[in-house]
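Here is a quick walk through a two-chain model, from overall dimensions down to single residues. Have the viewer open while you read.

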Amino acid sequence: MRKLLSFLCAVTLLATCLVGVAAAEEKTKVVVWTAARADYDYMQGVIDKYNETNTSNIEIVYEVYSDNYQQVLDLGFDTGNGPDIYYTAGPVFANVSYPGRALPLNDMLTKEQYEFFGGDAAFGNTINMRDGKILSLPYSISTVRLVYNQDIFDRVGITKVPETFEEVAAAAKLITDKLGAEGIYGFAINLKSPGSALGRTLDYMMQATYGLANGYNFATGRYEFDKVTDIVSFLGQMFRDGSTFPGCDQLDIDPLRTQFAAGRIGMYYSYTGAEYGVYTNQFPTDVKWDFGPLTGNGTRTGLQGADGGKWYSINKDTKVPDAAFEVLSYLESQDVLVGSYEQGLHISSIDAVIKNSEVPTAIQKHPLMAKQDTDSVWPLSPTNLVVEGENYYNVFAGYIMQIPGYEDLNALAADLNTRYNTALDKGIADGTVTPVVYPNFDPMNPTGSMN
Amino acid sequence: MQTSMKQNLRSRLKAVGKGFKENKQIYFMIFPNVIMFALFSIYPICWVLKYMFYQYDKINAPIFIGLDNFVRIFTRDPYFWKTVVNTFYYVGGKLIITLPIAFVIAVLLNKKFLGSRLMQSIVFMPTIMSASVMALIFYLILNPYSGALNTVLMKMKLISVPINWLNYYNALDTIIIVGVWGAIGNYMVYFLAGLQSVPLDIYESADLDGIGPVRKMFCITIPMMTPILKTVVMLVLISSFQDIQSIMVLTEGGPNGASDVMFLYVYRMFFPISATTASTSQFGYGAALSVVCASLIGTVTMLYLRLTRKVDDIF
């Protein structure tokens, strides 16, 4: 009996030790979701390094999603399987973090970190905060420029980078007329997702040319799509001229980039923060390409919008908030950000990072990648709007692609004004939309004139 | 009186208890399915039936709006009805093309010849492929700038300029072809099973009467296949109404709704497809749309069952 008891005690002790060892070895997993593909190699490298060297027993699980990122994120949140940390670039901040799914960082952020990111000047309502709560940290600034193939320009004799609607349309036509037989076309746009295509063209042109954010006038508090018809008309002109790459109506941005990398597209519009990484890592190319200025009608009314001031948010329902903040602090540490900036994988908006970095080769090669005086972060236009019928991206894409029923641009714009303003009024009335009106809003100083 | 009622109730309860005891294995086996059914079917249906009367975006609290979602569907949302027309065009097109091809292939492969099993496997293969992967492969074949189909047609001098198979005018027809390609193998198997169940002695009698192969096909094979044809048509109808994966990958319903179908539209109300633009979920409106879509499919199914009731009377 005594032997049996001793044996049982020994087994229990051994099992307890084994469980203890296993528990000690089990790492705290912090899941990070991103939609950025261009900096994948770099980020995976810094994450692998962190996973090997950190002393907090944390393991970062880094997952990259494609064009359906917002959808996957929504599904993750709705089913309680969301990540601990998520990428907020593009509309994700407005759709996910701002409405209340991000963990406020005010209490976690140290004073040193706050100053590192730029202090009060780097944080603002609707940019990376809501009602004084910091929901994301500054990282990069990215805006849209014309991306052009210099080799093609040289072949057809274009010596000056086109800047106005007429010049871009004429250049696209010239390229297609001269090189179309070789399968080289003047212009391309990724209209498979009208939101993605016009979000990187029309939206930025509306800000710079007419001082409107997504068609919304902050001073009057109304949607004014009728003002921007010349921009839509310019994009449609290139389709009517036959200057566009075949199949633009079913082109995603990455297939478009592969064709640009193959030297078959003269011009398209895309982000300063992405394209260098794309053509260095994702689709390496020998094509000589560069950025040109965003196209306008020759008159500037506002600063060009720039996506910036935010990068990652922490899920407010994360079970490991401290570990998640430690990971966020690592991802936004000076070493990680300097490395990424110097490799041209993002355009830093943080002065401390810029000061401590060599001027990136990317910016030396493509000066317009850097933030210009005419670029600025803009406040958000009203969020959570429920517009009945098609959104303005689909409607204007219909006109651009000459779809039957979308021929009368002025009527389309008038209908959009009616539907968007009705949705705005209804949302404000039932309390689902917060009114956003800045009576003294100056598009040439968008962040400074928010009050 | 009360005593007799009590006794009656007691004896009834006893009977139920006895019945349960006798069939406890059956109840025990059914129980998990009942729970699953309640969780994954009854609960979502109740959820939809509640929220169809609300404006709900999952961020703000739901707002009761009565029948406004239905008023919007029937009076203020022409785009939805465009997707309904597209859906019926797609279902009709897929049905009309799939059935004869699957039947002819089944008849051909029903004959034993060297490699007939291999051929059956090859024809069946698209069925086991993921619809999304299939759509991606078709994009590589059909895209107008480097697609294999245009390249082959141009090399054969059949066309001089690439055809945009996925533009506004062609997208839906192309999607039907992709759907047909993925479905033929599946329905061929049903037809093969049907063909093999036709008694051989009928054909032998026909042979003795000197009836030719074409007449045998129309007077024996097809009539004998009618019950299975009824089932196959039903399966094609139901599966076609639900086809959204390949459309989502291939065209996302575009250009400008040219290939959009009603369930993809409903899906977008719950999960707006957008990587770069601000978008708001409309759960309440999506719930109302689901009910309308389900009613439309229910009506089609009922009409079909009524029309084919005669078949049941004959066979």
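Some housekeeping before going on. This is a predicted model, in which local features need pLDDT of at least 70 and side-chain atom pairs count only at pLDDT 80 or more, while totals for chains, interfaces and linings use all residues. Residues are numbered from 1 along each chain as its sequence is written, and chains are lettered from A and ligands numbered from 1 in the order in which they are written.

**The two chains**

Chain B is another story: its radius of gyration is 26 Å, well over the 20 Å that the globule rule gives for 315 residues, so chain B is more spread out than a compact globule. The boxes below are taken along the principal axes and hold the C-alpha atoms of each chain.

| Chain | C-alpha box (roughly) |
|---|---|
| Chain A | 95 × 55 × 45 Å |
| Chain B | 90 × 70 × 35 Å |

In chain A, 50% of the 451 residues count as buried; in chain B, 30% of the 315 residues do. A residue is buried if 20 or more other C-beta atoms lie within 10 Å of its own, exposed if 12 or fewer, and partly exposed in between, with C-beta atoms placed from the backbone. Chain A has 18 helices and 15 strands, and chain B has 14 helices and two strands. Helices (H or I, at least four residues) and strands (E, at least two) are DSSP runs, numbered from the N terminus.

Now for contacts, meaning residue pairs whose C-beta atoms, placed from the backbone, lie within 7 Å. Of the contacts in chain A with a separation of 6 or more, 77% are between residues 24 or more positions apart. For chain B, 70% of the contacts between residues at least 6 apart in sequence join residues at least 24 apart.

**Domains of chain A**

Chain A splits into domain 1 (28-140 + 309-370) and domain 2 (143-306 + 380-430), with bounds from an automatic or database domain assignment. Their C-alpha centres lie 28 Å apart, and 18 residues of domain 1 are in contact with 18 residues of domain 2. On the domain 1 side, helix α4 (residues 92-101) of chain A supplies the largest share, three residues. That side divides into nine nonpolar, five polar and four charged residues. For these classes, Ala, Val, Leu, Ile, Met, Phe, Trp, Tyr, Cys and Pro count as nonpolar, Asp, Glu, Lys and Arg as charged, and the others, Gly among them, as polar.

**A four-stranded sheet**

Chain A has an open, mixed sheet of four strands in the order β2-β1-β3-β14. Its edge strands, β2 (58-64) and β14 (312-314) of chain A, each pair on one side only. Strands count as paired if DSSP finds at least two bridges between them. β1(A) and β2(A) run parallel over seven bridges, with A:V32 bridged to A:Y62 in β2(A). Strand β1 (residues 28-34) of chain A also pairs in the parallel sense with strand β3 (residues 85-87) of chain A, over two bridges, and A:W33 stands opposite A:Y86 there. Five of the seven residues of β1(A) are buried, so β1(A) is largely enclosed by the rest of the structure.

How many residues of helix α17 (residues 392-400) of chain A are buried? Nine of its nine are, including A:Y392, A:F396 and A:I400. They pack against α8 (194-199), α9 (202-210), α10 (229-240) and α18 (409-430) of chain A. After α17(A) comes A:Q402, with a positive phi near 60 degrees.

Between the chains, the contact takes 41 residues from chain A and 31 residues from chain B. On the chain A side, the elements giving two or more residues are α3 (69-78), α4, α8 and α17 of chain A. α3(A) gives the most, with five residues. By class, the chain A side has 15 nonpolar, 19 polar and seven charged residues.

**One spot in chain B**

B:V189 sits in helix α8 (residues 171-196) of chain B. B:V189 is partly exposed, with 17 other C-beta atoms within 10 Å. B:V189 and B:I105 are 84 residues apart in sequence, and 9.7 Å apart in space, C-alpha to C-alpha.

Key
Two residues are in contact if their C-beta atoms, placed from the backbone, lie within 7 Å. The radius of gyration is taken over C-alpha atoms; the globule rule is 2.2 Å times the number of residues to the power 0.38.
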